[in-house]
Amino acid sequence: MSYIHVEGLCKSFGVRRKREKGALLRKKETVRALQNVSFDIERGGLVGCIGPNGAGKSTTVKVLSGILTPDEGTVTVGGRIPWKDRKQHVRRIGVVFGQRMQLWWDVPILDSYALLKDMYRLTDDAYQKRLAELTEALGLKDMLHTPLRQMSLGQRMRAELCGSLLHQPEILFLDEPTIGLDAVSKLALRDFLQWENREYRTTILLTTHDMEDIAALCSRVMVLGHGQKLYDGSLSELLSRYDTLRTITVHYDDVPGPIVFSDGPRVSRQGKTVQITCQTDQLDMNEMMPLLQRAGAVREMTIQPQNIDHLIAAMYREMDL
Amino acid sequence: MNTIRLYCKSMAMLIRSQLQYPASFLLQTLAQLIMEGGELLAVILLVRRFDHLNQWTPGNLYFFFGLMSVSFYLTECFGRGITGAFPSMVRTGQLDTLLVRPRGVLTQALCTAADPRRIACIAVGLVSLFRGSVLSGISWSVPLLLLLAESIFCSFWLILGLFLIEAILCIYSVKSVELANTLTYGGRSACQYPVDTYPRPLRVLFTVAAPFALVMHIPAAFILGKPVWNLPAWAAYVTPLAGIVLFAVMYLLFQAAMRHYRSTGS
């Protein structure tokens, strides 16, 4: 059986609506956060999970990490049922919540780590070795004596990551780890995750809204929406389904003459620059190049697929999310 | 053993982090001193006006007041994670971070908060306890001192157990429930005075439901040499255990309630 096995997972929450005028009792409404979700992840896999807000991503992570008990379905992680044997289970997992700090706010992070060492009952040797390794890889060496509150968001996220990996978990769950980070911090974080995954075969499941994270890290992506699994496979295959638009930008030496296509491609002009948008099935550079060159001397030209976020937005629209 | 070390280390760290803001710490401690000093003043004014309350002399009343102050604020100082921080941990979803660590939720909750400012209130309580014991002319012996320690120890668990009611309720309703405060803070205010000064319904409440009388008043009355309700001597040593029983019951209920925890936020 695979390392993480999820089958028929269902979880719903009762939400109390605001009391309506005249009504005596508040109405209770059931929100189905997860409906019959199944998937398997092998040891050492690096899987991304995307979906619009409220799709059930966090609920999935919470069930897998033993925080929530599902209503129905079987879940095993490394042969254990997360919510049945919570303490044994969480010993082997690391969880990072992008929007929730787990380290202590006012004390140097080294003190927080020392406390985590006791919490996980780590031996001195294992702790020192792992700490040295992680602080090196995450560039935290100079900050060990800095309190968390004095750190920037990027530093804080690295510190959090170090804290949740001290006990060398077999699985790492990341809930929106790159939220609010600048480009440098994001890149550093991704590099580190790849390193950890390669070095220790740590299984990583991350949820994110940042498609670049997925593109850079994950060989496999799952799309959740309305509590259901809508897609499970490679990112490139997913994108190719929705990748139907190309934008051609042409810079001319001078203001170009008229450019007329028979039908399809839309042309917009601004000074010496011309922008053409067309469907991929209408794209034929053999035909277009001569037309473009007839209008003037081409200085520079780029052909771009649509931004990955647009593709995902198109996908969500199509799936009615 | 490891758990106790973990708790001590956490406490040391929390106190250090409070001291990161020394001015604020000093001012708040001072405020606590004034607040609890005011409570003591109320007792002083009372005993000035009346020279006794039932069979209790002014010294006895100081003793009862001191016992409650020391017990209650020890609980608030070291049990802050349950007495104060827990509802907000549920509301903000911070409880999730406790659930992903291999320790009990209550252990960790206790490890996440401390309130060292309460030391001022504890000091006021100690002064009152000392003054009361001098005025009442208690002839201290080892068994009596042990009984006092037992009473304070069991009171700690009793009060923590009562605060657990609020924790349990807020797991279900997410929002903090003020109702539970009638037993905790209400119990503190009421049971600063010996329970036999109250009408019957309150006596029953504080003996059976929130057994402050069993945990504090019976042993205190015995120490003061005025056993209540004609109880034998050994009873004074046994009744405080009610506090631990109450905590144990609440602990089990809490564990059951945690299974209903539903988490909030993304």
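## Strand S5 of chain A

Strands S5(A) and S6(A) pair in the parallel sense over five bridges; two strands count as paired if DSSP finds at least two bridges between them. Helices (H or I, at least four residues) and strands (E, at least two) are DSSP runs, numbered from the N terminus. This is a predicted model, in which local features need pLDDT of at least 70 and side-chain atom pairs count only at pLDDT 80 or more, while totals for chains, interfaces and linings use all residues. Residues are numbered from 1 along each chain as its sequence is written, and chains are lettered from A and ligands numbered from 1 in the order in which they are written.

Within this pairing, A:Val96 has A:Leu174 of S6(A) as its bridge partner. Five of the five residues of S5(A) are buried, so this strand is largely enclosed by the rest of the structure. A residue is called buried if 20 or more other C-beta atoms lie within 10 Å of its own, exposed if 12 or fewer, and partly exposed in between, with C-beta atoms placed from the backbone. A:Ile93, A:Val95 and A:Phe97 point one way from S5(A), whereas A:Gly94 and A:Val96 point the other way.

## The six-stranded sheet of chain A

S5(A) belongs to an open sheet of six strands in the order S5-S6-S7-S3-S8-S9, with mixed pairing. Strand S5 (93-97) and strand S9 (228-233) of chain A stand at the edges with a single partner strand each, so one side of each is left without a neighbour in the sheet. Neighbouring strands are turned by 15° against each other on average, direction ignored. Axes here are lines fitted to C-alpha atoms, for helices over the stretch in contact, and angles run from 0 to 180 degrees between N-to-C directions.

Strand S6 (residues 171-175) and strand S7 (residues 203-207) of chain A also pair in the parallel sense, over five bridges. In this pair, A:Asp175 has A:Thr207 of S7(A) as its bridge partner. Helix H5 (residues 153-165) of chain A packs on the sheet, touching S5 and S6, and its direction makes about 160° with that of S5(A). Helix H1 (residues 57-64) of chain A lies across strand S3 (46-50), S6, S7 and strand S8 (220-225), running at about 150° to S6(A). Two residues are in contact if their C-beta atoms, placed from the backbone, lie within 7 Å.

## The four-stranded sheet of chain A

Another open sheet of chain A is formed by four strands in the order S11-S12-S10-S13, and its pairing is antiparallel. Its edge strands are strand S11 (266-270) and strand S13 (298-305), each of which pairs on one side only. The twist from one strand to the next averages 15°.

S11(A) and strand S12 (residues 273-279) of chain A run antiparallel and are joined by five bridges. A:Ser268 has A:Gln275 of S12(A) as its bridge partner.

## Chain B as a whole

The secondary structure of chain B consists of 14 helices and zero strands. With 266 residues, a compact globule would have a radius of gyration near 18 Å, and the 19 Å of chain B agrees with this. That radius is taken over C-alpha atoms, and the globule rule is 2.2 Å times the number of residues to the power 0.38. The C-alpha atoms of chain B fill a box of roughly 60 × 40 × 35 Å, taken along the principal axes.

Of the 266 residues of chain B, 45% count as buried. Among contacts in chain B between residues at least 6 apart in sequence, 78% join residues at least 24 apart.

The 17 residues of helix H8 (residues 119-135) of chain B should span 24 Å at 1.5 Å a residue, and the end C-alpha atoms are 24 Å apart, which agrees. The expected span is 1.5 Å times one less than the number of residues. The buried residues of H8(B), among them B:Ala120, B:Ile122 and B:Leu129, pack against helix H2 (22-49) and helix H3 (58-78) of chain B. H8(B) is followed by B:Gly137, whose phi is positive, near 65°.

B:Leu214 lies in helix H12 (residues 212-223) of chain B. B:Leu214 is buried, with 26 other C-beta atoms within 10 Å. Leaving aside neighbours within four places in sequence, B:Leu214 is in contact with B:Thr207, B:Thr239, B:Pro240 and B:Ala242.

## Where the chains meet

The contact takes 22 residues from chain B and 27 residues from chain A. On the side of chain B that touches chain A, helix H1 (2-18) and helix H6 (95-99) of chain B each supply at least two residues. The largest share of this side, eight residues, comes from H1(B).

The residues of this side of chain B divide into five nonpolar, nine polar and eight charged. Here Ala, Val, Leu, Ile, Met, Phe, Trp, Tyr, Cys and Pro count as nonpolar, Asp, Glu, Lys and Arg as charged, and the others, Gly among them, as polar.
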